[in-house]
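Q: I have a structure to go through and I'm new to it. Can we take it piece by piece?

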Amino acid sequence: MSRQLAFVVHRLLLTLPTLLVMSVVVFLILRLVPGDPVRTMLGFRATDANVAEMRRQLGLDQSLINQYLNWLGALLHGDLGRDIVSHAPLSELLAQRLPVTCELTALSMLLAVIVGVPFGVRAATGGRWARRLTEGFVIFGISIPDFWLGIMLVLLLSAILQLLPPSGYVSFSADPLGNLRYMTLPVLTLAVGEAAYILRTTRGTVAAVLGRPFVTFLRAKGLSPARIIYGHALRNAGPTIVTVVGIQVGVLLGGAIIIETMFTLPGVGRLIVTGVNQRNYPIVQAGVLAVATLFIVVSLITDLIVGWLDPRVVDGAAA
Amino acid sequence: MSVARVAISLPTQTRGYASNRFLLAGGFLLASLAIIAVLAPWIAPHDPGTVEVRRVLGAPDLLHPLGSDVLGRDVLSRVIYGLRVSLLVSVSAVAASLAVAVPLGLAAGYFGRWVDTAVSRSLDMILIFPAMLLAVTFVAILGPGSLIAATAIAVIYLPILARVMRTSTLVVGQHEYVAGARARGASHLRVLTTHVAPNALGPVIVQASVLSAFALQLEAGLSFLGLGTQPPTPSLGGMLADGRDVLTQAPWVEVFPGLAIVVAVLAFAFLGEGLRRFFDPLGVTE
């Protein structure tokens, strides 16, 4: 147990420098804008007084180190600054937007795992047809850009078959069924590519495990194929699959930027794109910070799960 | 890790180019696309920017085989020109990334110790951010455009390519001919350029080809968001964004640019898989 605890502490400590580097990058977004970011944000009609006031608000009139320390201090108190257009606190804006992105990402990953893992196992253990069909799905899933797939799904499922709304959003708390109806198309769009990756990973890892000597021994012992696959092969393939799922969450979070914009979902991804188009840098900073933090937290959780599934990882970290 | 190797296991042999179906298919597709892209001004039936009010959302016919868009512009010509931009951005981005990643990976793998730590740790920082998020952040700072998109893509793939080069260098560096060259008194630079690099490049070329497929999708995604290639230059992603509102009236405006992206992505993906079977029997890129 103490080794496990040491692993968790070790992994938590490793997250700190990552968060620090990320915070520096996010901090620098506004400062790296060529020319005068305040003039860019306010436009040409801004008076010198407006510019000076905004500069003071953003803390740009101080030294870079002071700016960073103040910004970080405020951040740790949950103060992300204010939107320069609506003047709303960015922390409130994120609190509204983040659940949408989390729901989209989590449902997409869930669907991808539900499809990818069983079909991956089938592909690793099945005959030629199972292999060929899944091979086709993998190539299809990986090669089709998600935004084009989304457009085609809208064409098919909303325009032609009229089964689902093409875009829009209601929150889960307001109308659970309506929420799922609106989420179906975006989730399907994001999940197809991910399912292909997870299928490929599962197939490869399970096939590799099935080739190991201990499986031959289990067969010789007379264990049923189902027991060997689900009780042993999948258990051994678990850490690799979980690792890939964790990495792919990053891809989903990136994909969400496009998919939220496309399906007009009020998530953080769409917020970032709006911020970029409006040259509203505080919004971009807050959005990037939220998504990157989410990704770092998911990576941390992934590593902890892998450590729990595979004690060798814990021993390796302790050594 | 032998994940992808077992994964894509169609019956192929690695004895020669001719028996490598992926290499043949990818090479053929990519060569065709490259020819179309280079010869765009001569092949495209119309000017991609010419607005024809009478042809707004015109259905495909003999004169306009893929129909026309919201401004009456010829979709086929725009797809051809868009392909040109997409290929140019993705290939140049990956090439630029290679140009930096190869020396960095070589140095990290060959010299090890603090060089390795410094290179690896600094490149790891790029991986903190999801690729698309980093690309959008780049555009947020530097403004939209093809060049910025290419730069962003180049930076995003830098850690991946450098890591493959580093691993490949580590493998090659253990060979006796490398120690032999050093024993004969060859300088580090000479050993690196004449012995290590040529033998270690295979896997990184494979990875570059695979990444070109993703780069193409990333560029199209950025242009779709209005953050990549800017109008009036036609881009496949931009075409998809323009046609979204008329999807039901004129599906050809959406279907064909998307298909062009899929074909181009498949070309790179097949080429990558083919090259992998040829160049990387040890599986460094997996």
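Q: How much of chain A is buried?
A: Of the 319 residues in chain A, 39% are buried. A residue is buried if 20 or more other C-beta atoms, placed from the backbone, lie within 10 Å of its own C-beta, exposed if 12 or fewer do, and partly exposed in between. This is a predicted model, where local features need pLDDT of at least 70 and side-chain atom pairs count only at pLDDT 80 or more, while totals for chains, interfaces and linings use all residues. Residues are numbered from 1 along each chain as its sequence is written, and chains are lettered from A and ligands numbered from 1 in the order in which they are written.

Q: And what share of chain B is buried?
A: For chain B, 53% of the 286 residues count as buried.

Q: How many helices and strands does chain A have?
A: Chain A has 13 helices and zero strands. Helices (H or I, at least four residues) and strands (E, at least two) are DSSP runs, numbered from the N terminus. The C-alpha trace of chain A spans about 85 × 60 × 35 Å along its principal axes.

Q: Where is A:Pro99?
A: A:Pro99 is in helix α5 of chain A. With 16 other C-beta atoms within 10 Å, A:Pro99 is partly exposed. The C-alpha atoms of A:Pro99 and A:Phe172 are separated by 9.8 Å, and the two are 73 residues apart along the chain.

Q: Now the two chains together. How many residues are in contact?
A: 39 residues of chain B are in contact with 44 residues of chain A. On the chain B side, the elements that give two or more residues are α1 (3-7), α6 (131-142), α9 (188-224) and α11 (252-279). α6(B) gives the most, with nine residues.

Q: What kinds of residues are on that side?
A: The chain B side divides into 30 nonpolar, seven polar and two charged residues. Ala, Val, Leu, Ile, Met, Phe, Trp, Tyr, Cys and Pro count as nonpolar, Asp, Glu, Lys and Arg as charged, and the others, Gly among them, as polar.

Q: How do α9 and α11 of chain B cross?
A: Their axes come within 8 Å and cross at roughly 170 degrees. Axes are lines fitted to C-alpha atoms, for helices over the stretch in contact, and angles run from 0 to 180 degrees between N-to-C directions. α9(B) and α11(B) are therefore roughly antiparallel (under 35 degrees is roughly parallel, over 145 roughly antiparallel, 65 to 115 roughly perpendicular and the rest oblique). By class, this contact has 15 nonpolar, five polar and one charged residues.

Q: And α4 with α9 in chain B, at what angle do they pack?
A: α4(B) and α9(B) pack at about 145 degrees, with axes 8 Å apart. Residues of this contact divide into 17 nonpolar, three polar and one charged.

Q: Which residues touch the most others in the largest nonpolar core?
A: B:Ala135, B:Ile153 and B:Leu161 touch the most other members of that core, which has 169 residues. A nonpolar core is a set of buried Ala, Val, Leu, Ile, Met, Phe, Trp, Tyr and Cys residues joined through C-beta atoms within 7 Å. Helix α4 (residues 75-111) of chain B gives the most to this core, with 19 residues.

Q: What is B:Leu161 in contact with?
A: Leaving aside neighbours within four places in sequence, B:Leu161 is in contact with B:Ser97, B:Leu98, B:Ala101, B:Val204, B:Gln207 and B:Ala208.

Methods
Contact = placed C-beta atoms within 7 Å.
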